[in-house]
Amino acid sequence: MSDAIVVEGLVRRYGSLEAVAGISFSVPRGTVFGLLGRNGAGKTTTLECCIGIGKPDAGSVRVLGLDPTRPQGLARLRPRIGVQLQATSLPEKANVREVLELYAAYYGIAPRAAEMPARVGLDGKLTRQVAQMSGGEQQRLALALALQHDPEVLFLDEPTAGMDAFGRRILWGEVERLRAAGKTIVLTTHYIEEAERLSDRICIVQRGKIVAEDAPAELVARHGGDATVSIEAEGFAPDDALQNLGRWTRTGTEWKLATRTEPGLALAAVVTRANSMNAKITSLDMHRPTLEDAFIAITGETIGEAA
Amino acid sequence: MTLLRMFLVQTKMHFMWYFRRDGEMIFWTLVMPVFFLVLFSYAFSDGTTSRSSAFLVPGIIGAQVLSSGFWGVGVMLATFREKHLLRRVYITPMPASVFFASLVVYRMTLLAAQAVLLIAAGALLFHVRLLGNPLEILAILLLGTATFVSLGTIIGAVTRTTESANNIASILTVPLAFLSDAYVPIDRFPHAVSSALRLLPSTEFIDILRDVSISGASLTHYGVWIAALLVWMIAGTVISARTFRWV
């Protein structure tokens, strides 16, 4: 029993729209699980079904062995999970200390008003009213509320959308720290870099379905395609040794190598051969496949901003 | 202990919301009712303000109970939902009962302040005297508040936006205040109309409140009406509980 979360055949409809059309995954304890996809792909709905906000039309959800779709399961689950919702939703007339005290009371713990603000970069702002805080600050306070009761499982819904670089660094640092402390984390994001950096496993969600699931490096290796090395050099032509590196194509004066070998080594070999041919290099480029390449290959679309 | 602390901190949060709104709420809940009392006492006077003011003190307190339920609870819940505050609260371990208890206590405290202010203004400005038993006055006020909070919660339950909750609350509160013996005596209407209006829970409540507080009548004479209010309250609670959505 090492899975913190098990979702099976989850379906959620809004009218005739199937927002979630049969999603299954499981999240081992102590790992970070990223749901990556465009806005409107069904990530948030999936997450909401895990925390009792969304009611599945079909399928089952277990978090820490409990069923969040049933009142008893949800009641036992609530103290053990922390949630940062997409839309920040804080009492706007209260200040940072008062909000921390409110949520400490909800969880029956002592407020951690000394520790939490420092962790989320709000030190010295205990008396700042929510209404007077920037959107990024509010999001960081929301993160503090998700963490204050030291939950076993953390759900983060687009936690850095609209955050500045400072906020993103703080959130990423917290996720890495909590993972090291053995917590389980589910995050939804449409930032590829964020999913890649934080997740042990990534689910790519498209139109309510999971279209790929693997470790980030595996997704890239399997779906990212070949690395490429492009060179423009007068008098250059790939010889037999270079032909062995991969497939060469020529467009105008540019030669392009698509290769499965380490692109840095291929690049070095290409440059060495070009120099020994006395070819004058005018342009040189290398591209290592990224998670974005894998995403495009898998979904047939860029992640974009729009739904 | 934990539940009590939850309740106290949540109630404090409601008051924070009330007091820190640039005086806007204080104006509507404390200043305006007294202003109405003075204005209508003169407007409806029959040469002297003693009868009109004695009619209006319990009438306006009753109207405040109505608007407290419809606006204070109904619209507030819709606003909280629209701002996603409700769903944020829903995923914490706080039981729904604690949340609603804090809301009811918050509104009752405000109503007590409003009632005291209106009674004091009536006494000082118009020499209105309360002859009723204070405990009976308190009892009928509590019953009325519970009834209209439960009915107001239905507004908060069935509306999706603050705007629509506002509309429903206005449509209910303003006409009811005039049709329920709060501002104007309904016995000035044709008998058939006033008899029909007496079936409204708001009319029943305000009439009992007036009879008990001003005329010193005993609550024991109003068994049927009190039973009717209880039915409204239970119906309101059941419908609210069935229809309420946190998200």
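Of the 247 residues in chain B, 44% are buried. The model is a predicted one. Chain B contains ten helices and zero strands, and its elements follow the order α-α-α-α-α-α-α-α-α-α from the N terminus on. The radius of gyration of chain B is 18 Å, which agrees with the value near 18 Å for a compact globule of 247 residues. The C-alpha trace of chain B spans about 60 × 35 × 35 Å along its principal axes. When contacts in chain B between residues at least 6 apart in sequence are considered, 81% join residues at least 24 apart.

Within chain B, helix 2 (residues 24-43) packs against helix 3 (residues 49-82) at an angle of about 150°, and the two axes are 9 Å apart. The crossing of helix 2 of chain B with helix 3 of chain B is right-handed. On the side of helix 2 of chain B, the contact is formed by B:P33, B:F36, B:L37, B:F40, B:S41 and B:Y42. Helix 3 of chain B contributes B:T49, B:S52, B:S53, B:L56, B:V57, B:I60 and B:Q64 to this contact. By class, the contact of these two helices of chain B comprises eight nonpolar residues, five polar residues and no charged residues.

Between the chains, 20 residues of chain B are in contact with 20 residues of chain A. Two or more residues of the chain B side come from each of helix 1 (2-19) and helix 4 (85-90) of chain B. Helix 1 of chain B gives the most, with seven residues. The side of chain B that touches chain A has eleven nonpolar, three polar and six charged residues.

Chain A holds an open sheet of six strands in the order 5-6-7-3-8-9, with mixed pairing. Strand 5 (81-84) and strand 9 (209-214) of chain A are the edge strands, each pairing on one side only. From one strand to the next, the twist averages 15°. Strand 3 (residues 32-36) and strand 7 (residues 184-189) of chain A run parallel and are joined by five bridges; A:F33 has A:V186 in strand 7 of chain A as its bridge partner.

Helix 6 (residues 165-180) of chain A packs on this sheet and touches strand 3, strand 6 (153-157) and strand 7 of chain A. The direction of helix 6 of chain A makes about 150° with that of strand 7 of chain A. Helix 11 (residues 291-299) of chain A lies across strand 8 (201-206) and strand 9 of chain A, and runs at about 40° to strand 8 of chain A.

Note on methods
Residues numbered from 1 in each chain as written. Chains lettered and ligands numbered in written order. Predicted model: local features only at pLDDT ≥ 70, side-chain atom pairs only at ≥ 80, totals over all residues. Axes fitted to C-alpha atoms, helices over the stretch in contact; angles between N-to-C directions. Helix = DSSP H or I, 4+ residues; strand = E, 2+ residues; numbered from the N terminus. Left-handed = near helix turned anticlockwise from the far one by under 90°. Contact = placed C-beta atoms within 7 Å. Nonpolar A, V, L, I, M, F, W, Y, C, P; charged D, E, K, R; others polar. Rg over C-alpha atoms; globule rule 2.2 N^0.38 Å. Buried ≥ 20, exposed ≤ 12 C-beta atoms within 10 Å, placed from the backbone. Pairing = 2+ DSSP bridges.
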